[in-house]
Number of protein chains: 2
Amino acid sequence: MTLLENYTITELTPSTSASYSKTLTREDIVLFARCSGDVNPVHLDAEYAATTPFGEPIGHGMWTGALVSAAIATRLPGPGSVYRSQSLTFKAPVKLGDTVTVTLTVSEVKERVKLVTLECEARNQDGKLVAKGIAEVIAPAEKQSLKAGILPEVVINELS
Amino acid sequence: MTLLENYTITELTPSTSASYSKTLTREDIVLFARCSGDVNPVHLDAEYAATTPFGEPIGHGMWTGALVSAAIATRLPGPGSVYRSQSLTFKAPVKLGDTVTVTLTVSEVKERVKLVTLECEARNQDGKLVAKGIAEVIAPAEKQSLKAGILPEVVINELS
């Protein structure tokens with residue numbers, strides 16, 4: 001059982017930081033395409049992707065955005081946060097097998113309105129910046145230690 | 001077979017517009033959680049969600065972001081676009097069964113560098129604004145009509 005713990009607004013100061021990593025798999029691409037409807041073949045079809053400047057299947061840009069949001073929701077500030085805004089600039093493609101590490105760093109805390117600004121960076125396993133941006137989050141007032149939601153099993157039946 | 005057609009940079013003018021709709025299902029929430037790792041129980045656990053201000057499970061904010069990116073990748077400008085940046089402000093939660101319509105409207109075209117700015121709005125079935133923002137995209141130079149990527153079957157085995 002995974003416990004998600006949060007930072008309350010009073011625990012956050014400029015330079016509080018947290019990281020979150022995930023390796024992009026074929027499953028991630030399929031599931032992201034399925035839940036969003038983004039069926040661009042540059043993500044799904046290796047033969048087509050080989051004809052593009054990328055040369056191979058790449059992850060959806062917004063998959064990296066999803067990792068940023070996962071880092072906010074589960075790590076910093078964590079459960080009880082309310083996501084207000086996000087900006088992202090996409091700097092480089094993420095390829096199958098790349099491990100993306102999102103690092104969030106608090107840059108501003110407005111305690112009266114509980115608004116926290118986070119600098120967000122996503123880098124691949126070589127340290128190359130793949131995306132960066134700014135998030136604004138309403139931080140929780142109360143400490144929470146919460147059981148992570150349990151995911152049902154997901155099975156992908158690849159076409160033969 | 002779905003064909004994805006694009007707008008080339010010379011076909012885009014301010015006010016060119018396109019829409020894309022999707023209804024949020026339990027499957028979408030599970031798959032988004034799985035591919036991102038965002039296992040906050042406010043999305044996954046109805047019992048826990050009932051204790052929050054939302055009162056029921058809500059979609060991940062960035063799922064709406066994923067719909068915006070799907071609209072860009074498959075509709076406007078469509079295949080061959082390169083996603084440069086996205087800003088999003090989250091205005092209201094999306095609940096299970098809500099139908100979100102993303103509308104993209106070209107606000108600026110810099111033909112020399114092929115850079116297109118899109119105003120992005122996401123509204124629910126009642127017309128309520130759930131998210132808005134700005135995207136910057138490098139539009140394709142060449143016309144493409146492309147077979148959508150084919151998704152394998154995905155089966156979710158809910159825990160009993």
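Contact here means heavy atoms within 4.5 Å. The model is predicted.

View 1. A:Gly80 sits in chain A, in the loop that joins α4 (61-74) to β3 (82-90). A:Gln144 is 64 residues from A:Gly80 in sequence. In space, the C-alpha atoms of A:Gly80 and A:Gln144 are 7.6 Å apart. A:Gly80 counts as partly exposed because its relative accessibility is 36%, between the limits of 20% and 50%.

**View 2. B:Leu118 in the largest nonpolar core.** This core holds 94 residues. A:Leu118 and B:Leu118 touch the most other members. Neighbours within four places in sequence are left out of the contacts of B:Leu118. Those that remain are B:Ile72, B:Leu76, B:Pro77, B:Thr105, B:Val106, B:Ser107, B:Gly133, B:Ile134, B:Ala135 and B:Val137. In soluble globular proteins, nonpolar side chains tend to be buried together.

**View 3. The rotation axis relating chains A and B.** Within chain B, B:Ser87 comes closest to the rotation axis. Its C-alpha lies at 2.0 Å.

**View 4. The interface between the copies.** Of the interface residues of chain B, 100% are also interface residues in chain A. The copies therefore meet through the same surface.

Notes:
Residues numbered from 1 in each chain as written. Chains lettered and ligands numbered in written order. Predicted model: local features only at pLDDT ≥ 70, side-chain atom pairs only at ≥ 80, totals over all residues. Heavy atoms only, no water. Core = buried A, V, L, I, M, F, W, Y, C linked by side-chain atoms within 4.5 Å. Buried < 20%, exposed > 50% of the residue type's maximum accessible area, 1.4 Å probe, protein only. Helix = DSSP H or I, 4+ residues; strand = E, 2+ residues; numbered from the N terminus. Least-squares fit on C-alpha atoms with pLDDT ≥ 70 in both.
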